[in-house]
Amino acid sequence: MALYAAPRIRRARGPFGRRRQRLRMRDEYREKFRVLGLKIAYYRKLRGLTQEQLAEAIGRSVSFVSQVEANNSSRVKGVSLETLFLIAERLDIPASKLFEE
């Protein structure tokens, strides 16, 4: 007795699939992520901290801090609110300072 296996049906994503929407959103906010990284670098240097010291203080890698501060590559490095609050706390600034225009 032969068993019939129904063909797998894949959901069509079309031109506005989730992945494309995420990529589009990242591109849309690329400049804001870059400015955020520059502000983090500015306040870090103002406090006399190295990337290594900040990374240790927030429990992240030096590579992570470097990617967040640079954010000029083809891939945008997003940051959670928890991490932003932690960075602001370690830099002794209100988190709102990171978002001021």
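Predicted model: local features only at pLDDT ≥ 70, side-chain atom pairs only at ≥ 80, totals over all residues.
Let me begin with the overall architecture. The chain contains five helices and zero strands, so that its elements, read from the N terminus, follow the order α-α-α-α-α. The chain has 101 residues, of which 26% count as buried. As for contacts between residues at least 6 apart in sequence, 58% of them join residues at least 24 apart.

I turn now to helix H4, which spans residues 62-70. Four of its residues, Phe64, Val65, Val68 and Glu69, are buried. Viewed down the axis of H4, these buried residues lie within an arc of 125°, and therefore they line one face of the helix. What do the buried residues of H4 pack against? Their partners are helix H2 (30-46), helix H3 (51-58) and helix H5 (81-90). Just after H4 comes asparagine 71, which adopts a positive phi of about 40°.

Why does glutamate 69 count as buried? The reason is its relative accessibility of 7%, given that the cut-off for a buried residue is under 20%. The side chain of glutamate 69 forms a polar contact with the side chain of glutamine 51, at 2.7 Å. If we set aside neighbours within four places in sequence, glutamate 69 is in contact with Gly37, Leu38, Ile40, Ala41, Arg44, Gln51 and Leu54.

Helix H5 can be described along similar lines. Here the buried residues are Thr83, Leu84, Ile87 and Ala88. Around the axis they cover an arc of only 135°, which places them on the same side of H5. On the other side of H5 we find Leu81, Glu82 and Glu89, which are exposed. The buried residues of H5 pack against H2, H3 and H4. Just after H5, aspartate 92 has a positive phi, in this case about 60°.

My last topic is the second largest pocket. Rolling a probe the size of a water molecule over the atoms shows where empty space is left. The second largest pocket has a volume of about 290 Å³. Which residues line it? The lining consists of Glu31, Lys32, Phe33, Val35, Leu36, Lys39, Val79, Leu84, Leu98, Phe99, Glu100 and Glu101. By class, these lining residues comprise seven nonpolar, no polar and five charged. The element that gives the most to this lining is H2, with six residues. Leu84 is one of the lining residues, and Leu84 is also among the buried residues of H5.

Valine 35, another residue of the lining, is found in helix H2. Is valine 35 buried, partly exposed or exposed? With a relative accessible area of 31%, valine 35 is partly exposed. Leucine 98 also belongs to the lining of this pocket. Valine 35 and leucine 98 are 63 residues apart in sequence, while their C-alpha atoms are 8.8 Å apart in space.

To summarise, the buried residues of H4 pack against H2, H3 and H5, and those of H5 pack against H2, H3 and H4. H2, in turn, gives the most to the lining of the second largest pocket.

Conventions:
Residues numbered from 1 in each chain as written. Heavy atoms only, no water. Buried < 20%, exposed > 50% of the residue type's maximum accessible area, 1.4 Å probe, protein only. Helix = DSSP H or I, 4+ residues; strand = E, 2+ residues; numbered from the N terminus. Arc of directions from axis to C-beta. Contact = heavy atoms within 4.5 Å. 1 Å grid on protein atoms, 1.4 Å probe; cavity = no way out; pocket = protein on both sides within 12 Å on 5 of 7 lines; lining within 4 Å. Points joined across faces, edges and corners; volume = space filled by probe spheres on them. Nonpolar A, V, L, I, M, F, W, Y, C, P; charged D, E, K, R; others polar. Polar contact = N/O pair within 3.5 Å; in protein donor to acceptor, adjacent residues only side chain to side chain.
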